[in-house]
Number of protein chains: 2
Amino acid sequence: MSEQTAARTDAEVPARPVQRRSGRQRAAVAALLDSEPAFTSAQDLYARLREQGNPIGLATVYRALQALVEDGDVDVLRTGDDGEAVYRRCSTGHHHHLVCRRCGRAVEVEGSAVEAWAQKTAAAHGFTDVDHVVEIFGTCADCTAAR
Amino acid sequence: MSEQTAARTDAEVPARPVQRRSGRQRAAVAALLDSEPAFTSAQDLYARLREQGNPIGLATVYRALQALVEDGDVDVLRTGDDGEAVYRRCSTGHHHHLVCRRCGRAVEVEGSAVEAWAQKTAAAHGFTDVDHVVEIFGTCADCTAAR
DNA sequence: ATTCTTGCAAACCCTTTGCAAGCTA
DNA sequence: TAGCTTGCAAAGGGTTTGCAAGAAT
(Lines give C-alpha, C1' and ligand atoms only; values in the text may rest on other atoms or scores of the structure.)
Protein backbone atom coordinates (compact mmCIF):
# COMPACT_ATOMS: atom_id res chain seq x y z
CA MET A 1 0.00 0.00 0.00
CA SER A 2 1.21 3.46 -0.67
CA GLU A 3 -0.49 6.54 -1.94
CA GLN A 4 -4.18 6.63 -1.39
CA THR A 5 -7.17 8.85 -1.74
CA ALA A 6 -10.27 9.42 0.24
CA ALA A 7 -13.72 8.42 -0.80
CA ARG A 8 -15.68 8.95 2.34
CA THR A 9 -18.85 10.90 2.00
CA ASP A 10 -19.65 13.24 4.78
CA ALA A 11 -23.29 13.25 3.94
CA GLU A 12 -24.97 11.16 6.59
CA VAL A 13 -26.63 8.28 4.85
CA PRO A 14 -29.66 7.40 6.98
CA ALA A 15 -28.91 3.69 7.03
CA ARG A 16 -32.16 2.44 5.60
CA PRO A 17 -33.55 -0.40 7.70
CA VAL A 18 -32.93 -3.08 5.13
CA GLN A 19 -33.89 -6.53 6.19
CA ARG A 20 -30.73 -8.59 6.16
CA ARG A 21 -30.43 -12.26 6.82
CA SER A 22 -27.46 -13.49 8.79
CA GLY A 23 -25.43 -15.10 6.03
CA ARG A 24 -22.42 -17.11 7.08
CA GLN A 25 -20.07 -15.55 4.57
CA ARG A 26 -21.19 -12.02 5.10
CA ALA A 27 -20.54 -12.49 8.79
CA ALA A 28 -17.09 -13.82 8.00
CA VAL A 29 -16.22 -10.70 6.06
CA ALA A 30 -17.53 -8.47 8.83
CA ALA A 31 -15.61 -10.41 11.43
CA LEU A 32 -12.34 -10.24 9.54
CA LEU A 33 -12.80 -6.54 9.06
CA ASP A 34 -13.51 -6.12 12.76
CA SER A 35 -10.14 -7.53 13.63
CA GLU A 36 -8.28 -5.59 10.99
CA PRO A 37 -6.86 -2.17 11.93
CA ALA A 38 -5.75 -1.35 8.42
CA PHE A 39 -7.60 -0.39 5.28
CA THR A 40 -7.84 -3.58 3.28
CA SER A 41 -8.84 -4.34 -0.28
CA ALA A 42 -11.62 -6.69 -1.27
CA GLN A 43 -9.14 -8.88 -3.10
CA ASP A 44 -7.01 -9.05 -0.03
CA LEU A 45 -9.89 -9.96 2.25
CA TYR A 46 -10.94 -12.58 -0.25
CA ALA A 47 -7.50 -14.15 -0.33
CA ARG A 48 -7.20 -14.19 3.43
CA LEU A 49 -10.57 -15.76 3.98
CA ARG A 50 -9.71 -18.56 1.59
CA GLU A 51 -6.31 -19.03 3.14
CA GLN A 52 -7.86 -19.44 6.53
CA GLY A 53 -9.99 -22.19 5.10
CA ASN A 54 -13.13 -20.32 4.14
CA PRO A 55 -13.99 -21.08 0.48
CA ILE A 56 -15.84 -17.83 -0.05
CA GLY A 57 -16.57 -16.36 -3.48
CA LEU A 58 -15.10 -13.06 -4.58
CA ALA A 59 -18.50 -11.71 -5.53
CA THR A 60 -19.73 -12.44 -2.05
CA VAL A 61 -16.92 -10.44 -0.55
CA TYR A 62 -17.82 -7.48 -2.70
CA ARG A 63 -21.48 -7.84 -1.86
CA ALA A 64 -20.75 -8.04 1.83
CA LEU A 65 -18.57 -4.95 1.68
CA GLN A 66 -21.23 -3.14 -0.24
CA ALA A 67 -23.77 -3.92 2.46
CA LEU A 68 -21.42 -2.90 5.23
CA VAL A 69 -20.65 0.40 3.59
CA GLU A 70 -24.33 1.00 3.00
CA ASP A 71 -25.04 0.43 6.65
CA GLY A 72 -22.31 2.87 7.54
CA ASP A 73 -20.26 0.29 9.39
CA VAL A 74 -17.34 0.50 7.04
CA ASP A 75 -15.40 3.33 5.43
CA VAL A 76 -13.97 3.22 1.93
CA LEU A 77 -10.87 4.81 0.46
CA ARG A 78 -9.30 4.50 -2.95
CA THR A 79 -5.64 3.87 -3.53
CA GLY A 80 -4.16 6.69 -5.52
CA ASP A 81 -2.05 4.49 -7.75
CA ASP A 82 -4.53 2.01 -9.13
CA GLY A 83 -7.86 3.18 -7.87
CA GLU A 84 -8.43 0.00 -5.94
CA ALA A 85 -10.92 0.40 -3.09
CA VAL A 86 -9.87 -0.38 0.47
CA TYR A 87 -12.19 -0.89 3.41
CA ARG A 88 -12.02 -0.48 7.15
CA ARG A 89 -14.34 -0.94 10.10
CA CYS A 90 -15.03 2.53 11.49
CA SER A 91 -17.01 4.49 14.01
CA THR A 92 -20.15 6.09 12.71
CA GLY A 93 -19.60 9.77 13.38
CA HIS A 94 -17.87 12.19 11.05
CA HIS A 95 -14.13 11.72 11.17
CA HIS A 96 -11.01 11.58 9.06
CA HIS A 97 -8.09 9.19 8.88
CA LEU A 98 -4.42 9.20 9.58
CA VAL A 99 -3.23 6.33 7.43
CA CYS A 100 0.12 4.58 7.30
CA ARG A 101 1.13 4.40 3.67
CA ARG A 102 3.36 1.46 4.48
CA CYS A 103 1.10 -0.96 6.38
CA GLY A 104 -2.27 0.65 5.87
CA ARG A 105 -2.97 0.91 9.57
CA ALA A 106 -5.26 3.84 10.29
CA VAL A 107 -6.24 6.03 13.18
CA GLU A 108 -9.47 7.95 13.23
CA VAL A 109 -8.95 11.63 13.87
CA GLU A 110 -11.15 14.68 13.88
CA GLY A 111 -10.39 18.29 13.34
CA SER A 112 -13.05 20.87 13.89
CA ALA A 113 -10.61 23.46 12.61
CA VAL A 114 -10.58 21.79 9.22
CA GLU A 115 -14.33 21.47 9.07
CA ALA A 116 -14.63 25.18 9.72
CA TRP A 117 -11.95 26.06 7.22
CA ALA A 118 -13.58 23.99 4.49
CA GLN A 119 -16.94 25.55 5.15
CA LYS A 120 -15.56 29.06 5.14
CA THR A 121 -13.45 28.56 2.04
CA ALA A 122 -16.32 27.10 0.08
CA ALA A 123 -18.69 29.82 1.15
CA ALA A 124 -16.18 32.47 0.13
CA HIS A 125 -16.39 31.11 -3.41
CA GLY A 126 -20.14 30.82 -3.46
CA PHE A 127 -20.24 27.06 -3.20
CA THR A 128 -23.16 25.37 -1.47
CA ASP A 129 -23.85 21.87 -0.14
CA VAL A 130 -20.28 21.70 1.00
CA ASP A 131 -18.66 18.43 1.78
CA HIS A 132 -15.00 17.52 2.06
CA VAL A 133 -12.44 14.79 1.92
CA VAL A 134 -9.47 14.89 4.22
CA GLU A 135 -6.98 12.13 4.76
CA ILE A 136 -3.52 12.31 6.23
CA PHE A 137 -0.87 9.88 5.07
CA GLY A 138 2.42 9.09 6.67
CA THR A 139 4.58 6.30 7.98
CA CYS A 140 3.44 5.07 11.38
CA ALA A 141 5.81 4.77 14.31
CA ASP A 142 6.20 1.00 13.93
CA CYS A 143 6.96 1.15 10.24
CA THR A 144 9.33 4.04 10.77
CA ALA A 145 11.23 1.99 13.33
CA ALA A 146 11.18 -1.18 11.26
CA ARG A 147 12.90 0.63 8.46
CA MET B 1 -19.65 14.02 -12.01
CA SER B 2 -20.50 13.76 -8.37
CA GLU B 3 -18.63 12.40 -5.42
CA GLN B 4 -14.91 12.36 -5.88
CA THR B 5 -11.73 11.66 -4.09
CA ALA B 6 -8.35 13.21 -4.03
CA ALA B 7 -5.24 11.66 -5.43
CA ARG B 8 -2.80 14.51 -5.41
CA THR B 9 0.55 13.73 -3.90
CA ASP B 10 2.12 16.48 -1.89
CA ALA B 11 5.56 15.00 -2.19
CA GLU B 12 7.35 17.21 -4.64
CA VAL B 13 8.26 15.06 -7.57
CA PRO B 14 11.46 16.61 -8.90
CA ALA B 15 10.22 16.62 -12.48
CA ARG B 16 13.00 14.56 -13.95
CA PRO B 17 14.38 16.22 -17.05
CA VAL B 18 12.93 13.70 -19.44
CA GLN B 19 13.63 14.44 -23.04
CA ARG B 20 10.29 14.79 -24.71
CA ARG B 21 9.64 15.32 -28.36
CA SER B 22 6.88 17.72 -29.36
CA GLY B 23 4.27 15.26 -30.58
CA ARG B 24 1.23 16.65 -32.31
CA GLN B 25 -1.26 14.62 -30.31
CA ARG B 26 0.35 15.16 -26.98
CA ALA B 27 0.22 18.87 -27.63
CA ALA B 28 -3.45 18.60 -28.50
CA VAL B 29 -4.24 16.99 -25.15
CA ALA B 30 -2.24 19.61 -23.30
CA ALA B 31 -3.97 22.39 -25.20
CA LEU B 32 -7.44 21.08 -24.53
CA LEU B 33 -6.61 20.73 -20.87
CA ASP B 34 -5.30 24.28 -20.80
CA SER B 35 -8.65 25.63 -21.86
CA GLU B 36 -10.64 23.44 -19.51
CA PRO B 37 -11.45 24.77 -16.03
CA ALA B 38 -12.96 21.53 -14.81
CA PHE B 39 -11.52 18.19 -13.87
CA THR B 40 -12.00 16.01 -16.92
CA SER B 41 -11.68 12.30 -17.53
CA ALA B 42 -9.40 10.72 -20.12
CA GLN B 43 -12.38 9.20 -21.86
CA ASP B 44 -14.02 12.58 -22.01
CA LEU B 45 -10.95 14.30 -23.41
CA TYR B 46 -10.63 11.54 -25.96
CA ALA B 47 -14.22 11.95 -27.10
CA ARG B 48 -13.93 15.70 -27.38
CA LEU B 49 -10.73 15.60 -29.37
CA ARG B 50 -12.29 13.25 -31.87
CA GLU B 51 -15.45 15.31 -32.07
CA GLN B 52 -13.44 18.37 -32.90
CA GLY B 53 -11.91 16.45 -35.75
CA ASN B 54 -8.75 15.09 -34.19
CA PRO B 55 -8.57 11.31 -34.78
CA ILE B 56 -6.45 10.65 -31.73
CA GLY B 57 -6.09 7.23 -30.13
CA LEU B 58 -7.29 6.55 -26.61
CA ALA B 59 -3.94 5.15 -25.59
CA THR B 60 -2.27 8.34 -26.71
CA VAL B 61 -4.55 10.37 -24.51
CA TYR B 62 -3.62 8.27 -21.52
CA ARG B 63 0.06 8.47 -22.33
CA ALA B 64 -0.12 12.23 -22.74
CA LEU B 65 -1.90 12.60 -19.42
CA GLN B 66 0.64 10.36 -17.78
CA ALA B 67 3.43 12.56 -19.04
CA LEU B 68 1.70 15.75 -17.98
CA VAL B 69 1.10 14.43 -14.49
CA GLU B 70 4.69 13.27 -14.30
CA ASP B 71 5.88 16.73 -15.21
CA GLY B 72 3.66 18.18 -12.53
CA ASP B 73 1.62 20.19 -14.99
CA VAL B 74 -1.59 18.36 -14.28
CA ASP B 75 -3.38 17.24 -11.13
CA VAL B 76 -5.34 14.03 -10.80
CA LEU B 77 -8.39 13.16 -8.76
CA ARG B 78 -10.49 10.04 -8.61
CA THR B 79 -14.24 9.99 -8.74
CA GLY B 80 -15.63 8.39 -5.65
CA ASP B 81 -18.27 6.35 -7.38
CA ASP B 82 -16.39 4.53 -10.07
CA GLY B 83 -12.80 5.33 -9.43
CA GLU B 84 -12.39 7.02 -12.77
CA ALA B 85 -9.47 9.43 -12.88
CA VAL B 86 -10.04 13.07 -13.79
CA TYR B 87 -7.38 15.56 -14.79
CA ARG B 88 -6.91 19.29 -14.65
CA ARG B 89 -4.24 21.78 -15.59
CA CYS B 90 -2.90 23.22 -12.33
CA SER B 91 -0.33 25.52 -10.82
CA THR B 92 2.79 23.84 -9.58
CA GLY B 93 2.85 24.81 -5.92
CA HIS B 94 1.15 22.93 -3.14
CA HIS B 95 -2.57 23.59 -3.14
CA HIS B 96 -5.94 21.98 -2.70
CA HIS B 97 -9.16 22.14 -4.66
CA LEU B 98 -12.66 23.33 -4.24
CA VAL B 99 -14.53 21.26 -6.78
CA CYS B 100 -18.07 21.54 -8.06
CA ARG B 101 -19.59 18.11 -7.88
CA ARG B 102 -22.06 19.09 -10.56
CA CYS B 103 -19.92 20.51 -13.36
CA GLY B 104 -16.45 19.59 -12.18
CA ARG B 105 -15.23 23.16 -12.26
CA ALA B 106 -12.48 23.66 -9.71
CA VAL B 107 -10.81 26.47 -7.84
CA GLU B 108 -7.37 26.14 -6.38
CA VAL B 109 -7.27 27.03 -2.73
CA GLU B 110 -4.69 26.87 0.00
CA GLY B 111 -4.98 26.69 3.74
CA SER B 112 -1.96 26.95 5.90
CA ALA B 113 -4.15 26.14 8.87
CA VAL B 114 -4.89 22.74 7.42
CA GLU B 115 -1.29 22.04 6.61
CA ALA B 116 -0.37 22.81 10.19
CA TRP B 117 -3.22 20.74 11.58
CA ALA B 118 -2.27 17.73 9.50
CA GLN B 119 1.33 17.98 10.53
CA LYS B 120 0.50 18.34 14.19
CA THR B 121 -2.06 15.55 14.20
CA ALA B 122 0.28 13.14 12.49
CA ALA B 123 3.15 13.98 14.78
CA ALA B 124 0.95 13.44 17.81
CA HIS B 125 0.48 9.86 16.69
CA GLY B 126 4.10 9.27 15.88
CA PHE B 127 3.70 9.34 12.12
CA THR B 128 6.55 10.56 9.94
CA ASP B 129 6.85 11.63 6.31
CA VAL B 130 3.49 13.25 6.55
CA ASP B 131 1.51 14.08 3.51
CA HIS B 132 -2.16 14.81 3.07
CA VAL B 133 -5.08 14.92 0.75
CA VAL B 134 -7.67 17.62 1.10
CA GLU B 135 -10.42 18.37 -1.35
CA ILE B 136 -13.59 20.33 -0.81
CA PHE B 137 -16.68 19.44 -2.81
CA GLY B 138 -19.79 21.45 -3.25
CA THR B 139 -22.10 22.95 -5.82
CA CYS B 140 -20.68 26.09 -7.40
CA ALA B 141 -22.65 29.32 -7.57
CA ASP B 142 -23.60 28.83 -11.22
CA CYS B 143 -24.83 25.30 -10.73
CA THR B 144 -26.69 26.29 -7.61
CA ALA B 145 -28.48 29.00 -9.55
CA ALA B 146 -29.15 26.80 -12.56
CA ARG B 147 -30.95 24.37 -10.34
C1' DA C 1 19.41 7.10 -39.31
C1' DT C 2 17.93 6.95 -34.77
C1' DT C 3 14.69 7.53 -31.40
C1' DC C 4 10.45 8.92 -29.82
C1' DT C 5 5.36 9.11 -30.74
C1' DT C 6 1.01 7.27 -32.24
C1' DG C 7 -2.73 3.69 -33.12
C1' DC C 8 -4.96 -0.40 -32.81
C1' DA C 9 -6.02 -4.34 -30.56
C1' DA C 10 -5.29 -7.28 -26.93
C1' DA C 11 -4.37 -7.67 -22.22
C1' DC C 12 -5.14 -6.40 -17.32
C1' DC C 13 -7.48 -5.53 -13.03
C1' DC C 14 -10.92 -4.49 -10.15
C1' DT C 15 -15.77 -4.70 -9.72
C1' DT C 16 -20.49 -5.88 -10.99
C1' DT C 17 -24.18 -8.84 -12.70
C1' DG C 18 -26.97 -13.07 -14.31
C1' DC C 19 -28.52 -17.22 -12.95
C1' DA C 20 -29.01 -21.57 -10.58
C1' DA C 21 -28.39 -23.79 -6.16
C1' DG C 22 -28.14 -23.49 -1.03
C1' DC C 23 -29.73 -21.52 3.32
C1' DT C 24 -32.43 -19.02 6.54
C1' DA C 25 -36.52 -17.77 8.75
C1' DT D 1 -42.30 -22.69 1.27
C1' DA D 2 -40.72 -17.95 0.20
C1' DG D 3 -36.97 -15.06 -0.17
C1' DC D 4 -32.40 -13.77 0.69
C1' DT D 5 -27.50 -15.43 0.20
C1' DT D 6 -23.77 -17.60 -2.17
C1' DG D 7 -20.82 -19.17 -6.18
C1' DC D 8 -19.31 -19.45 -10.53
C1' DA D 9 -18.64 -17.61 -14.75
C1' DA D 10 -19.27 -13.96 -17.83
C1' DA D 11 -19.69 -9.21 -18.64
C1' DG D 12 -18.23 -4.33 -17.85
C1' DG D 13 -15.39 -0.25 -17.62
C1' DG D 14 -11.29 2.15 -17.13
C1' DT D 15 -6.39 1.94 -17.94
C1' DT D 16 -2.09 -0.16 -19.64
C1' DT D 17 0.94 -2.57 -22.87
C1' DG D 18 2.91 -4.94 -27.21
C1' DC D 19 4.06 -4.10 -31.58
C1' DA D 20 4.46 -2.11 -36.09
C1' DA D 21 4.08 2.17 -38.65
C1' DG D 22 4.70 7.17 -38.71
C1' DA D 23 7.07 11.63 -37.15
C1' DA D 24 10.79 14.38 -35.23
C1' DT D 25 15.60 15.58 -34.52
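Me: How many residues does the contact take from chain B and from chain A?
Reply: The contact takes 45 residues from chain B and 45 residues from chain A. Keep in mind that this is a predicted model.

Me: OK, and what area is buried between chain B and chain A?
Reply: About 3,300 Å². Carbon and sulfur atoms give 62% of that area.

Me: Switching to charges: how many salt bridges are there between chain B and chain A?
Reply: The count is 2 salt bridges.

Me: Which side chains meet in a salt bridge at 3.8 Å, N to O?
Reply: That would be B:Arg101 and A:Asp131.

Me: And how many residue pairs are in polar contact between the chains?
Reply: There are 12 residue pairs in polar contact between chain B and chain A, counting pairs with both residues at pLDDT 80 or more.

Me: Which parts of chain B supply at least two residues to the side that touches chain A?
Reply: Quite a list: strands E1 (4-6), E3 (74-79), E5 (96-100), E6 (106-109) and E7 (128-139), plus helices H4 (112-124) and H5 (141-145).

Me: Which one gives the most?
Reply: E7(B) does, with 12 residues.

Me: What kinds of residues are on that side of chain B?
Reply: The side of chain B that touches chain A divides into 19 nonpolar, 15 polar and 11 charged residues.

Me: Back to E7(B). Does it run parallel or antiparallel to strand E7 of chain A?
Reply: Antiparallel, and 9 bridges join E7(B) to strand E7 (residues 128-139) of chain A.

Me: What stands opposite B:Val134 there?
Reply: A:Val134 stands opposite B:Val134 in E7(B).

Technical notes:
Residues are numbered from 1 along each chain as its sequence is written. Chains are lettered from A and ligands numbered from 1 in the order in which they are written. This is a predicted model: local features need pLDDT of at least 70, side-chain atom pairs count only at pLDDT 80 or more; totals for chains, interfaces and linings use all residues. Side-chain values use heavy atoms; hydrogens and water are left out. Contact means heavy atoms within 4.5 Å. Buried area is the accessible area (1.4 Å probe) that two parts lose on being put together, summed over both. A salt bridge is a side-chain nitrogen of Lys or Arg within 4 Å of a carboxyl oxygen of Asp or Glu. A polar contact is a pair of N or O atoms within 3.5 Å; within protein, one must be able to donate a hydrogen and the other to accept it, and residues adjacent in sequence count only if both atoms are side-chain atoms. Helices (H or I, at least four residues) and strands (E, at least two) are DSSP runs, numbered from the N terminus. Ala, Val, Leu, Ile, Met, Phe, Trp, Tyr, Cys and Pro count as nonpolar, Asp, Glu, Lys and Arg as charged, and the others, Gly among them, as polar. Two strands pair if DSSP finds at least two bridges between them.
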